[in-house]
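Please keep the sequence and the 3D view open while going through the points.

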Amino acid sequence: MEILSLSFFVGIIGNVISVLVFLSPIGTFERIIKHKSTEDFQSLPYICTLLNSSLWTYYGITKPGGLLVATVNGFGIFVEAVYVGLFLTYAPKKMKLKTGVLVGILNVGFVAAAIVVTQLALESETQIGAIGLMCSGLNIIMYGSPLAAMKTVVRTKSVEYMPFFLSFFLFLNGGIWAFYALLMHDYFLGVPNGIGCLLGTAQLLLYAIYKNAKPSNNTSLQGLMEQKEPLVSHEYV
């Protein structure tokens, strides 16, 4: 009973942190709305996060005791859908078409196929395992974004492309959900978030090393040319 109470309390904290992570790109979208243009920002991170939230919501609904996972990711679906909708509204024609195609394939087609296959072809326990494996696999793939950010920081000797608070929330979010997963004996939730916590720790160490470093003009310009938007994915649940 005490473990259940502790896990619920930890899960609530995880929900609050995850909500903050979901809302972290608001500044980007205020800029998009103000300029009525997506400029050089890319829609793919938000499309992938929408897919991720959809699958984790399905996992939370399917797994007994998964209410806290389902609720926060349900909120994530709403927020990410708004972000993607703004891309479809303000992006140039080519980007708008690309975004629409990706939404159709990943957020509609893939999610629908995952639900139909797991519901019709698999038994209850196998269902949860298959959905959890998909969620964990997608989360781990999405960690390619922080790795790219870390590589850019080391090369340019600048933390400009790795915002501190995003790295800090990655560390907190990964850590709290990994602890929750440990309490709930949920390896599908624990493994990707444990990795997220370790990557967040590594990013904070890099930030401490390079925050006062003076980048050369060449490396700074190269980093700017490569990526205008911060390289850190904004959602890990």
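1. How many of the 19 residues of helix 3 are buried? Helix 3 is mostly covered, with 15 of its 19 residues buried; buried means under 20% relative accessible area, exposed over 50% and partly exposed in between, with a 1.4 Å probe and protein chains only. Helix 3 covers residues 44-62, and its first and last C-alpha atoms are 27 Å apart, close to the 27 Å expected at 1.5 Å a residue. The expected span is 1.5 Å times one less than the number of residues.

2. On the source: the model is predicted, so local features need pLDDT of at least 70 and side-chain atom pairs count only at pLDDT 80 or more, while totals for chains, interfaces and linings use all residues. Residues are numbered from 1 along each chain as its sequence is written, and side-chain values use heavy atoms, with hydrogens and water left out.

3. Overall content. The protein has ten helices and zero strands, and its pattern along the sequence reads α-α-α-α-α-α-α-α-α-α. Helices (H or I, at least four residues) and strands (E, at least two) are DSSP runs, numbered from the N terminus. Of the 237 residues, 45% are buried. Taking contacts between residues at least 6 apart in sequence, 82% join residues at least 24 apart; contact means heavy atoms within 4.5 Å.

4. Helix 2 with helix 4. Helix 2 (residues 26-35) packs on helix 4 (residues 67-90) at an angle of about 25°, and their axes are 11 Å apart. Axes are lines fitted to C-alpha atoms, for helices over the stretch in contact, and angles run from 0 to 180 degrees between N-to-C directions. The two helices, helix 2 and helix 4, are therefore roughly parallel. Angles under 35 degrees count as roughly parallel, over 145 as roughly antiparallel, 65 to 115 as roughly perpendicular and the rest as oblique. From helix 2, the contact uses Ile 26, Phe 29, Ile 32 and Ile 33; from helix 4, Tyr 83, Leu 86, Phe 87 and Tyr 90. By class, these contact residues are eight nonpolar, no polar and no charged. Ala, Val, Leu, Ile, Met, Phe, Trp, Tyr, Cys and Pro count as nonpolar, Asp, Glu, Lys and Arg as charged, and the others, Gly among them, as polar.

5. Helix 5 with helix 6. The axes of helix 5 (residues 93-121) and helix 6 come within 9 Å and cross at roughly 155°. That makes helix 5 roughly antiparallel to helix 6. In this pair, Phe 110, Ala 114, Thr 118 and Gln 119 of helix 5 meet Gln 127, Ala 130, Ile 131 and Met 134 of helix 6. The contact of helix 5 with helix 6 has five nonpolar, three polar and no charged residues.

6. Helix 6 with helix 7. How far apart are the axes of helix 6 and helix 7? Helix 6 (residues 124-142) and helix 7 (residues 144-156) have axes 4 Å apart and pack at an angle of about 15°. Helix 6 and helix 7 are therefore roughly parallel. Ile 140, Ile 141 and Met 142 of helix 6 make the contact with Gly 144, Ser 145 and Pro 146 of helix 7. The classes in this contact of helix 6 with helix 7 are four nonpolar, two polar and no charged.

7. Ser 124. This residue is in helix 6. Ser 124 is partly exposed, with a relative accessible area of 48%.

8. Helix 8. The 21 residues of helix 8 should span 30 Å at 1.5 Å a residue, and the end C-alpha atoms are 30 Å apart, which agrees. Its buried residues include Leu 166, Leu 170, Asn 173, Trp 177 and Leu 183.

9. Positive phi values. Most residues other than glycine have a negative phi. Glu 39, not a glycine, has a positive phi of about 50°. Glu 39 sits in the loop between helix 2 and helix 3 and is partly exposed, with a relative accessible area of 23%. His 185 also has a positive phi, near 55°, and lies in the loop between helix 8 (164-184) and helix 9 (187-210). His 185 is exposed, at a relative accessible area of 61%.
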